[in-house]
Amino acid sequence: DLQVHLSFLALAPADLEDLLASKQEMTDELQNQINKLQDQTEEIHVLRIDNKMLNSENEKLKEMAHYAEEVHVLRDDNKQLDKMLKNETEKLKKMENYTEEVHELRDDNMQLDKMLK
(Lines give C-alpha, C1' and ligand atoms only; values in the text may rest on other atoms or scores of the structure.)
Protein backbone atom coordinates (compact mmCIF):
# COMPACT_ATOMS: atom_id res chain seq x y z
CA ASP A 1 0.00 0.00 0.00
CA LEU A 2 2.80 2.36 0.87
CA GLN A 3 4.38 1.80 -2.51
CA VAL A 4 1.10 2.67 -4.25
CA HIS A 5 0.94 5.94 -2.27
CA LEU A 6 4.56 6.65 -3.03
CA SER A 7 4.00 5.92 -6.74
CA PHE A 8 1.20 8.56 -6.77
CA LEU A 9 3.58 11.04 -5.18
CA ALA A 10 6.12 10.31 -7.87
CA LEU A 11 3.62 11.27 -10.59
CA ALA A 12 4.03 14.61 -12.21
CA PRO A 13 1.17 17.15 -11.79
CA ALA A 14 0.19 16.66 -15.45
CA ASP A 15 -0.08 12.92 -14.87
CA LEU A 16 -2.24 13.56 -11.81
CA GLU A 17 -4.48 15.87 -13.83
CA ASP A 18 -4.80 13.17 -16.51
CA LEU A 19 -5.59 10.61 -13.84
CA LEU A 20 -8.24 12.88 -12.28
CA ALA A 21 -9.70 13.65 -15.71
CA SER A 22 -9.83 9.93 -16.48
CA LYS A 23 -11.50 9.29 -13.13
CA GLN A 24 -14.04 12.05 -13.87
CA GLU A 25 -14.76 10.57 -17.30
CA MET A 26 -15.37 7.16 -15.74
CA THR A 27 -17.60 8.72 -13.06
CA ASP A 28 -19.56 10.60 -15.73
CA GLU A 29 -19.91 7.42 -17.79
CA LEU A 30 -21.11 5.49 -14.75
CA GLN A 31 -23.63 8.24 -13.98
CA ASN A 32 -24.87 8.11 -17.59
CA GLN A 33 -25.30 4.35 -17.32
CA ILE A 34 -27.11 4.76 -13.99
CA ASN A 35 -29.44 7.34 -15.61
CA LYS A 36 -30.09 5.01 -18.54
CA LEU A 37 -30.87 2.15 -16.15
CA GLN A 38 -33.26 4.36 -14.20
CA ASP A 39 -34.99 5.38 -17.44
CA GLN A 40 -35.24 1.74 -18.49
CA THR A 41 -36.59 0.80 -15.07
CA GLU A 42 -39.29 3.47 -15.39
CA GLU A 43 -40.08 2.28 -18.91
CA ILE A 44 -40.36 -1.32 -17.68
CA HIS A 45 -42.72 -0.17 -14.94
CA VAL A 46 -44.90 1.67 -17.48
CA LEU A 47 -44.85 -1.36 -19.81
CA ARG A 48 -45.92 -3.64 -16.96
CA ILE A 49 -48.85 -1.34 -16.21
CA ASP A 50 -49.74 -1.27 -19.93
CA ASN A 51 -49.47 -5.06 -20.05
CA LYS A 52 -51.83 -5.44 -17.09
CA MET A 53 -54.35 -3.12 -18.75
CA LEU A 54 -54.06 -5.00 -22.04
CA ASN A 55 -54.52 -8.33 -20.29
CA SER A 56 -57.61 -6.96 -18.58
CA GLU A 57 -58.98 -5.67 -21.90
CA ASN A 58 -58.17 -9.03 -23.49
CA GLU A 59 -60.19 -10.83 -20.80
CA LYS A 60 -63.10 -8.46 -21.38
CA LEU A 61 -62.92 -9.09 -25.13
CA LYS A 62 -62.88 -12.85 -24.57
CA GLU A 63 -65.94 -12.50 -22.35
CA MET A 64 -67.66 -10.35 -24.98
CA ALA A 65 -66.82 -12.91 -27.68
CA HIS A 66 -68.37 -15.59 -25.48
CA TYR A 67 -71.50 -13.48 -25.05
CA ALA A 68 -71.62 -12.80 -28.80
CA GLU A 69 -71.45 -16.55 -29.39
CA GLU A 70 -74.31 -17.06 -26.92
CA VAL A 71 -76.34 -14.37 -28.68
CA HIS A 72 -75.90 -16.18 -32.01
CA VAL A 73 -77.00 -19.46 -30.43
CA LEU A 74 -80.00 -17.75 -28.83
CA ARG A 75 -80.92 -16.10 -32.14
CA ASP A 76 -80.80 -19.48 -33.87
CA ASP A 77 -82.92 -20.97 -31.08
CA ASN A 78 -85.32 -18.05 -31.39
CA LYS A 79 -85.67 -18.64 -35.14
CA GLN A 80 -86.41 -22.31 -34.53
CA LEU A 81 -88.98 -21.46 -31.87
CA ASP A 82 -90.51 -18.87 -34.18
CA LYS A 83 -90.89 -21.50 -36.91
CA MET A 84 -92.41 -23.94 -34.43
CA LEU A 85 -94.81 -21.26 -33.18
CA LYS A 86 -95.90 -20.49 -36.75
CA ASN A 87 -96.46 -24.18 -37.42
CA GLU A 88 -98.46 -24.61 -34.23
CA THR A 89 -100.46 -21.46 -35.00
CA GLU A 90 -101.27 -22.84 -38.43
CA LYS A 91 -102.36 -26.12 -36.86
CA LEU A 92 -104.56 -24.25 -34.39
CA LYS A 93 -106.16 -22.24 -37.20
CA LYS A 94 -106.90 -25.46 -39.06
CA MET A 95 -108.33 -27.00 -35.91
CA GLU A 96 -110.51 -23.92 -35.40
CA ASN A 97 -111.73 -24.27 -38.98
CA TYR A 98 -112.42 -27.98 -38.40
CA THR A 99 -114.24 -27.12 -35.18
CA GLU A 100 -116.40 -24.60 -37.04
CA GLU A 101 -117.08 -27.19 -39.70
CA VAL A 102 -117.99 -29.76 -37.06
CA HIS A 103 -120.42 -27.28 -35.46
CA GLU A 104 -121.93 -26.51 -38.84
CA LEU A 105 -122.22 -30.23 -39.61
CA ARG A 106 -123.86 -30.85 -36.24
CA ASP A 107 -126.28 -28.04 -36.86
CA ASP A 108 -127.00 -29.45 -40.31
CA ASN A 109 -127.35 -32.91 -38.82
CA MET A 110 -129.80 -31.63 -36.21
CA GLN A 111 -131.80 -29.87 -38.90
CA LEU A 112 -131.91 -33.05 -40.94
CA ASP A 113 -132.92 -35.02 -37.83
CA LYS A 114 -135.76 -32.60 -37.19
CA MET A 115 -136.83 -32.82 -40.78
CA LEU A 116 -136.83 -36.62 -40.67
CA LYS A 117 -138.94 -36.76 -37.52
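I began with Glu59, which I find partly exposed at a relative accessible area of 46% (buried means under 20%, exposed over 50%, partly exposed in between, with a 1.4 Å probe and protein chains only). The model is a predicted one, in which local features need pLDDT of at least 70 and side-chain atom pairs count only at pLDDT 80 or more, while totals for chains, interfaces and linings use all residues. Residues are numbered from 1 along each chain as its sequence is written, and side-chain values use heavy atoms, with hydrogens and water left out.

I then looked up the partner of Glu59, and found that its side chain meets that of Lys62 in a salt bridge of 3.7 Å, N to O (a side-chain nitrogen of Lys or Arg within 4 Å of a carboxyl oxygen of Asp or Glu). Both residues lie in helix α2, 3 residues apart, about one turn of the helix, and Lys62 is partly exposed at 49%.

How many salt bridges does the structure hold? I noted 3, among them Glu57 with Lys60 at 3.6 Å, N to O, and Glu88 with Lys91, whose closest N and O atoms are 3.4 Å apart. Glu88 and Lys91 are separated by about one helical turn, because they stand 3 residues apart in helix α2.

For the fold, I recorded 2 helices and 0 strands (DSSP runs numbered from the N terminus, helices being H or I of at least four residues and strands E of at least two). Buried residues make up 0% of the 117 residues.
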